[in-house]
Structure formats: C-alpha cells, structure tokens
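Hi,

Here is the structure I promised to pass on. Have a look, and then read on for what turned up in it.

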Amino acid sequence: MRPKKLASKFIISPSTIRNYETKGLIPAAERSANGYRVYTNLHEAYLACIQAMAPAFGMEITTEVLNLLQQEKPYEALWVVRQQEVALYEEKARLKALIVDIRMYTKENQTRINEKCLTINEVSEVTQVPKSAIRYWEQAGYVTADRDPTNRYRVYSGSHLFKIRLLQLLQNSVYSEDTVHFKQMIASVEHTDLPQILNLAEHIRSYFDQIIESQMRGISYLYPLLRLTQAPE
C-alpha cells in the first residue's frame, strides 16, 4: 500500500507515518523497485494500535511499548502496559480516599472554628507534592493561598489541600482536553466551596472510569499486533 492511501485510511498525513517510522513506532517500510515506500498489513496493525493506545496511555508510553515490539521484546512491552494499569488503579484509590476526606471535612466544618493553617512546607509534606509544583499552580491560578497577616507568608487550610490533591491526580493523568477542562474548573472554584469541590472529584472519578475503558480498548489492539509480530514468517 502506498503512503497516501495508508494515511487516508487512518486520517493522518503521510509525513506523520514517516515520523512514526523514524521514531520506531512502526517498522521500516518496504521499498518498491523504483524506491517508493510500500506498507503492508503489519503497518496497518501498528497504526491502528497507535490510534487506540495513545488516548489512554499517552504517546510516550505508546512509543515505548511499540519500540519494544520492534526490538522483539513483547513481554517487556506487556509489563510496561501493566504498570500503567496499576498506576491508574492506585490513582483511583487515592481519589476514593480524597472523596471520603472531603465528605468528612464537610460534616465537621460546622464546628471547625480555629483550624490550624499549614505552611507550604507542611502542605508539601502532607500531600507529597513538591513546593515548586504548589507555587506553579498558584502562579497559574489553580490555587490561591491565604496570607499570614503578620509576615505575608503563604498559609493553607484543610480545604486548600483538596484542590492540591485533585491537581496532583490530574498531573499524573495523560494530557487531554478533559484534564485541561478539569484544571480550569479547579481554578474557578473557591477552596471553601466544598460541595463544588466534591462534585469535581466525582466527575474526575467518572473520567477515570472512561480511562480504564480506553485502556482496555488500546490493549485489545495491542494483543493482536503482538501475536502478528510473533507469527512465523
């Protein structure tokens, strides 16, 4: 199959296919007698796999997995995928714990009069988020710290931590329009608006459900490709 025909089938440009070939995402094209690239069913399987895996795993992981297939290391490729599945499960567990914490904090908030404020060092220690990331999120408008009236240092309440923990979860997710939208929503909500923060967390949980489904779809394309690469010539 010629490059233009293959590109048209996957709604991409011929230059994208050449770029994939250069980066080792697909095997090198065969050459016709006159030197033109010729692609086979194997190349189609690779391209289908790229388009199925990239939304769920990201291009970096997709590239790593397909590079390993090119290197005839199928089991290493599978372990990379499994690692991503485990990471998503762990993120889901952290999100579930966060939702529980928000609900408990909301119930107790009525009696919370003099809550101890936290410094940025303490927030970093509690959340395991680097101080540089917290400062960056503040500069980007995602989190707005309070200021100690005596020294103007940043101080954070328990409700600030919920926004930071939500941002931390999204930071580890594959970049997408959805993650951008969620970050914009986090930026727009006040840290004291606990019902809205809880609503955001629930929506992110639904988004994680979509990701696991997308991962399963990517794997459903990866496995036939793996079998095809192992087929005897």
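Predicted model: local features only at pLDDT ≥ 70, side-chain atom pairs only at ≥ 80, totals over all residues.

Is Gln 215 buried or exposed? Its relative accessibility is 3%, and the cut-off for buried is under 20%, so Gln 215 counts as buried. Leaving aside residues up to four places away in sequence, Gln 215 touches Ala 56, Phe 57, Gln 84, Glu 85 and Leu 88.

Now the overall picture. The protein has 9 helices and 4 strands. Going along the sequence, these elements come in the pattern α-α-β-β-α-α-α-α-β-β-α-α-α. What does the C-alpha trace span along its principal axes? It comes to about 80 × 30 × 25 Å. The radius of gyration is 23 Å, whereas a compact globule of 233 residues would have one near 17 Å.

Of the 233 residues, 40% count as buried. Among contacts with a separation of 6 or more, 62% are between residues 24 or more positions apart. The accessible surface is about 13900 Å², and carbon and sulfur atoms account for 51% of that. On the charge side, there are 28 positive and 26 negative side chains, with the centres of the two sets 4 Å apart.

Next, the aromatics. How many aromatic pairs does a search of the whole structure find? The search gives 3. One of them is formed by Tyr 105 and Phe 162, an edge-to-face pair at 5.2 Å centre to centre with 90° between the planes. Tyr 105 sits in helix H4 (residues 74-108) and Phe 162 in helix H7 (residues 158-171), so this pair ties together parts that are 57 residues apart in sequence. Both partners fall under the 20% cut-off for buried: Tyr 105 has a relative accessibility of 9%, and Phe 162 has a relative accessible area of 4%.

Why is the pair of Tyr 207 and Phe 208 called tilted? The ring planes of Tyr 207 and Phe 208 are at 45°, which is neither under 30 degrees (stacked) nor over 60 (edge-to-face), so the pair is tilted. The ring centres of Tyr 207 and Phe 208 lie 6.4 Å apart. Tyr 207 and Phe 208 are buried, and together with Phe 182 they form one aromatic cluster.

Most residues other than glycine have a negative phi. Ile 11 is not a glycine, yet its phi is positive, at about 55°. You will find Ile 11 in the loop between helix H1 (3-9) and helix H2 (14-22). With a relative accessible area of 77%, Ile 11 is exposed. Gln 128 is not a glycine either, and its phi is positive at about 65°. Where does Gln 128 lie? Look in the loop between helix H5 (120-127) and helix H6 (131-139). Gln 128 is exposed, since its relative accessible area is 63% and the cut-off is over 50%.

- Pro 195, in helix H9, is exposed at 57% relative accessibility. Its C-alpha atom is separated by 49 Å from that of Arg 227, 32 residues apart along the chain.
- Ala 93, in helix H4, is partly exposed with a relative accessible area of 40%. Between the C-alpha atoms of Ala 93 and Ala 45, which are 48 residues apart along the chain, the separation is 34 Å.
- Asp 209, in helix H9, counts as partly exposed at 42% relative accessibility.

Note on methods: Residues numbered from 1 in each chain as written. Heavy atoms only, no water. Helix = DSSP H or I, 4+ residues; strand = E, 2+ residues; numbered from the N terminus. Rg over C-alpha atoms; globule rule 2.2 N^0.38 Å. Buried < 20%, exposed > 50% of the residue type's maximum accessible area, 1.4 Å probe, protein only. Contact = heavy atoms within 4.5 Å. Areas by Shrake-Rupley, 256 points an atom, 1.4 Å probe, with all protein chains shown as cover. Lys, Arg positive; Asp, Glu negative; His and termini not counted. Charge placed at Lys NZ, Arg CZ, Asp CG, Glu CD. Phe/Tyr/Trp six-rings, centres within 6.5 Å; stacked < 30°, edge-to-face > 60°.
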